[in-house]
Amino acid sequence: MQNDKVDANVDSFRIDAHHHLWRYSAEEYGWIDDTMQPLKQDFLASELLPALISAHVDGAVAVQARQTIAETEWLLAIAQTTPSIWGVVGWLPISSPDFRSHLDLFSGDPLLKGLRHVVQAEAEGFLDQKEFDDGISAIEGAGLVYDILILESQLAETMRFVDRHPKQSFVLDHIAKPRIADDEIEPWGSRIRELSLRPNVVCKVSGMVTEADPHHWTPAKLQPYFDVVLDAFGPQRLMTGTDWPVLTLGCEYSQWWGIVEDWISPLTPDERAQILGGTAARVYGLQARAADAAQSEKQISQGESI
Ligand SMILES: [Zn+2]
């Protein structure tokens with residue numbers, strides 16, 4: 001999956017590895033409760049694009065928010081007509097006996113980069129089920145990523161699950177949702193370090209404001225959790241995501257990028273570039289789009305210097 005030629009240019013692009021889009025309806029987005037009033041409206045590409053521009057983000061990965069096949073079709077259709085959306089992490093019925101036939105219909109779409117299931121809403125032991133394992137084996141065959149969305153209490157079953165799929169590429173969403181609001185770092189910290197020993201898992205630096213309590217948080221409260229994932233995974237296996245628009249409950253889009261930049265400021269330029277876009281490009285297979293973005297930025301900056 002590594003493309004060294006493109007990686008030489010990694011300092012020139014930024015990827016938001018995790019955002020959502022929706023046309024709001026109470027029936028379809030029941031998880032948006034009354035504490036999330038500002039999210040009860042449409043968030044479409046026309047709202048996303050100014051946010052991307054505000055933080056100089058070149059490309060983005062749209063992630064499913066509904067567990068329907070229609071959601072995957074809808075996101076892919078939007079990505080098709082939105083040059084800034086470089087990929088989609090969709091949803092398909094992974095545990096279903098018909099999963100392979102669904103997968104066949106979608107896996108040829110170059111914009112589909114991965115699949116995700118909302119495991120955080122499932123009962124304990126969900127990831128131990130054979131039906132789900134069989135589905136993941138099919139995903140591996142199709143060359144797609146699987147995004148792991150769990151709570152920190154599901155890290156133990158996640159490790160058993162990952163160990164059964166050593167060749168599958170996994171992205172851990174939202175650093176596995178540690179209990180930041182309660183100032184609890186353990187046992188999350190030890191478990192995340194244990195999970196990071198699996199080289200086929202990378203981690204998204206995202207969703208942390210939400211876990212801290214969007215109304216009462218500071219970057220300093222989040223930083224110890226970032227320090228753990230940086231130390232555990234290293235820059236080559238970290239990517240930045242915003243979880244926009246959920247992020248906006250407590251943080252401006254560009255503010256989040258500023259916080260991540262602050263945290264990574266002691267790193268080398270290449271390490272910073274991995275976290276800001278390089279890892280996402282490599283893992284989700286976005287190198288061609290990233291190379292185009294890097295090239296056009298180089299041309300613009302050369303033009304300006306003349
Ligand atoms: Zn999200």
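Colleague: Which residue in S5 is the bridge partner of Gly114?

Modeller: Val145 in S5 is the partner of Gly114. Before we go on, this is a predicted model, where local features need pLDDT of at least 70, side-chain atom pairs count only at pLDDT 80 or more, and totals for chains, interfaces and linings use all residues. Residues are numbered from 1 along each chain as its sequence is written.

Colleague: What joins S4 to S5, and how do they run?

Modeller: The general idea first: strands of a sheet pair through backbone hydrogen bonds, either parallel or antiparallel. Two strands count as paired if DSSP finds at least two bridges between them. Here, S4 and S5 run parallel and are joined by four bridges. The strands themselves are DSSP runs (E, at least two residues), as are helices (H or I, at least four), and both are numbered from the N terminus.

Colleague: In what order do the strands of the sheet lie?

Modeller: The open sheet has eight strands in the order S1-S2-S3-S4-S5-S6-S7-S8, with parallel pairing. Strand S1 (15–19) and strand S8 (238–240) are the edge strands, as each pairs on one side only. On average, neighbouring strands are turned by 25° against each other, direction ignored.

Colleague: Are the residues of S5 buried or exposed?

Modeller: To judge that, count the other C-beta atoms within 10 Å of a residue's own: 20 or more means buried, 12 or fewer exposed, and in between partly exposed, with C-beta atoms placed from the backbone. In S5, Val145 and Asp147 on one side and Tyr146 and Ile148 on the other are all buried, so both faces are covered.

Colleague: Which residues does Asp16 touch?

Modeller: A contact means that two C-beta atoms, placed from the backbone, lie within 7 Å. Leaving out residues up to four places away in sequence, Asp16 touches Leu52, Val57, Ala60, Val61, Thr240, Gly241 and Thr242.

Colleague: Which residues of helix H6 are buried?

Modeller: In H6 (residues 155–163), they are Leu155, Thr158, Phe161 and Val162. Look down the helix axis and take the directions from the axis to the C-beta atoms: the buried residues fall within an arc of 110°, so they line one face of H6. Arg160 and Asp163, on the other side, are exposed. The cover over the buried residues includes strand S5 (145–148), strand S6 (170–172), helix H7 (188–195) and strand S7 (201–205).

Colleague: How do H6 and H7 lie against each other?

Modeller: Axes are lines fitted to C-alpha atoms, for helices over the stretch in contact, and angles run from 0 to 180 degrees between N-to-C directions. Angles under 35 degrees count as roughly parallel, over 145 as roughly antiparallel, 65 to 115 as roughly perpendicular and the rest as oblique. The axes of H6 and H7 come within 10 Å and cross at roughly 5°, so the two helices are roughly parallel to each other. Where they meet, Leu155, Ala156, Thr158 and Met159 in H6 face Arg191, Ile192, Glu194 and Leu195 in H7 as contacts.

Colleague: How many helices and strands are there in the protein chain?

Modeller: The protein chain has twelve helices and eight strands. Buried residues make up 43% of its 306 residues.
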